[in-house]
Amino acid sequence: MTGSAAPFVAGRPVRELLTELYTVATSAVNPGPAVAQRLAPLDRSPRRRWILALGKAAIPMARAAVETLASWGQEPVGGVIVGPAAEAAPHGCLPVVPGDHPEPGPGSLAAAEALGEAARRIGAEDEVWVLLSGGASSLLAAPVPGLTPAELTALYRLLLGSGLDITAMNRIRKRFSRWGGGRLAAALAPALVRVFVVSDVIGDDLASIASGPCVPDPSTAADVRRLLADAGLWDRIPDAARRLVLATASGETAETPKPGDRAFARVTLELIASNRLALEAAARRAAELGLATEVAETPLAGEAWATGASVAAMLVQHCGRGDIPQPAAPSRCFIWGGETTVTLGDAPPGLGGRCQELALAAARVLDGIPGVTLLAAGTDGRDGPTDAAGAIVDGRTWRAVAAAGRDPARDLAAHDAYRSLDTAGALLKVGLTGTNVMDVVIGVG
């Protein structure tokens, strides 16, 4: 815990304060400067260099790589950029192919094919910079042989609503995705491959981030079958997916590349940004503003609604001031990071994302408590299939939703948090940030 009083936040809107801390957190993991810093000491001798930028941070990462080469008096010979939106390419030889997220679609298929075309042109003496960030699991998803695009999308949709965390989901998804589980490294071998990674998974497991396209897959088909069975999903995945798992487990079809495979002989991997860096930056700024600040050591995980209730209860315990009729300036700040999950039932889900569900659940606990405010947001600027990064809630949010004619409890149960939070003016809309290191939750009081 650092800091004491809060001389710089008195009289300032708390929403503005929390938005600043969120912006500081996301800016600290700006992938462009992180890429430039890692590329600067590399060998600058002239050679054919390719740029494959894949994920939600693809554009800023690619731009930094192009600018680095330009400072060396060089240019990329080719590559591809696969991101969440169509944007201007930083170089004419780098086509931008937007994929689909969080479920794969036609854009993802086009992106996967564009990546394949680039990989086929790369020679054994070439150098490849793979600039990888979260979201690539869906953005460039295409099915392996034996599975149709529709079946792959159905599988992804099932996993997204299963309650499994990102590590478990990607352990399964890479099994069925054309470039997952080390298959990109196999396609690029024997070229020299340098992979620079922005982490969006708890624990920064390189085999999980973006489904590990350039990392050996430690899981076997038998492991995947057990994982699906334990989650109650084995009988719910497409029949073709089950056949693929069984064929691989029996040795009829090849496994994904494993540790020791020659495909990884000339592959290096480096983590350049993570959730922890974002949290620490927000904490430093909060302390500068005079807030007594604490960063949680344990990452957030589990069901979003339960996590929201738990976090709010802790804030009420440490920051709640029920004896004060009007909220005073905040003096304490608590910061969490991680990634929760949402388990969907059989009914069609509403509109929202894990951060919005966490925030709405927190609003129920905070109802009527003055002086406590919470922000929950994805660092990529988009929470679920919505235009909001998350939400900012306090002791007035729950009843504001009800006063506007919506039932917040019903919306929470129906995973329809967006509409409740929108009604209360609680949504946080910042646009795509160009990075992706999971979520941040910040509470002040």
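**Ground rules**

I'm working with a predicted model, where local features need pLDDT of at least 70, side-chain atom pairs count only at pLDDT 80 or more, and totals for chains, interfaces and linings use all residues. Residues are numbered from 1 along each chain as its sequence is written, and side-chain values use heavy atoms, with hydrogens and water left out.

**Entry 1: two helices side by side**

I reminded myself that two packed helices are described by the angle between their axes and the distance between the axes. My pair was H6 (residues 149–160) and H7 (residues 166–176), whose axes come within 11 Å and cross at roughly 175°. Helices here are DSSP runs of H or I with at least four residues, strands are E runs of at least two, and both are numbered from the N terminus. The axes are lines fitted to C-alpha atoms, for helices over the stretch in contact, with angles running from 0 to 180 degrees between N-to-C directions. The crossing makes H6 roughly antiparallel to H7, a label for angles over 145 degrees.

Which residues make the contact? From H6 I listed Leu152, Leu155, Tyr156, Leu159 and Leu160, and from H7 Met169, Ile172, Arg173 and Phe176. Contact means heavy atoms within 4.5 Å. By class I got eight nonpolar, no polar and one charged residues. For that sorting, Ala, Val, Leu, Ile, Met, Phe, Trp, Tyr, Cys and Pro count as nonpolar, Asp, Glu, Lys and Arg as charged, and the others, Gly among them, as polar.

**Entry 2: how covered is H7?**

Ten of the eleven residues in H7 are buried, meaning under 20% relative accessible area (1.4 Å probe, protein chains only). What covers them includes H5 (136–139), H6, H8 (183–188), H9 (221–230) and H10 (239–249). At the start of H7, I found a side-chain oxygen of Asp165 within 3.1 Å of the backbone nitrogen of Thr167.

**Entry 3: the cores**

I checked the largest nonpolar core next, which has 60 residues. Such a core is a set of buried Ala, Val, Leu, Ile, Met, Phe, Trp, Tyr and Cys residues joined through side-chain atoms within 4.5 Å. Leu54, Val128, Val130, Phe176 and Leu188 touch the most other members, and H4 (106–121) gives the most to this core, with six residues. There's also a second, separate core of 49 residues, including Leu17 and Val295.

**Entry 4: cis prolines**

Where are the cis peptide bonds I noted? One joins His101 and Pro102, and another joins Ala189 and Pro190; omega is about 10° in each. Pro102 sits in the loop between strand E2 (78–82) and H4, while Pro190 is in the loop between H8 and strand E4 (192–198).

**Entry 5: positive phi**

His415 isn't a glycine, yet its phi is about 55°. I found His415 in the loop between H15 (408–413) and H16 (417–423), and it counts as buried at 17% relative accessibility. Met438 has a positive phi too, near 70°; Met438 is buried, with a relative accessible area of 5%.

**Entry 6: Thr256**

Is Thr256 buried or exposed? I have it as buried, at 3% relative accessibility, in the loop between H10 and strand E5 (267–273). The Thr256 side chain has a polar contact of 2.7 Å with the side chain of Asp217 and another of 3.4 Å with that of Glu255. A polar contact is a pair of N or O atoms within 3.5 Å; within protein, one must be able to donate a hydrogen and the other to accept it, and residues adjacent in sequence count only if both atoms are side-chain atoms.

Definitions and conventions. Parallel < 35°, antiparallel > 145°, perpendicular 65-115°, else oblique. Buried < 20%, exposed > 50% of the residue type's maximum accessible area, 1.4 Å probe, protein only.
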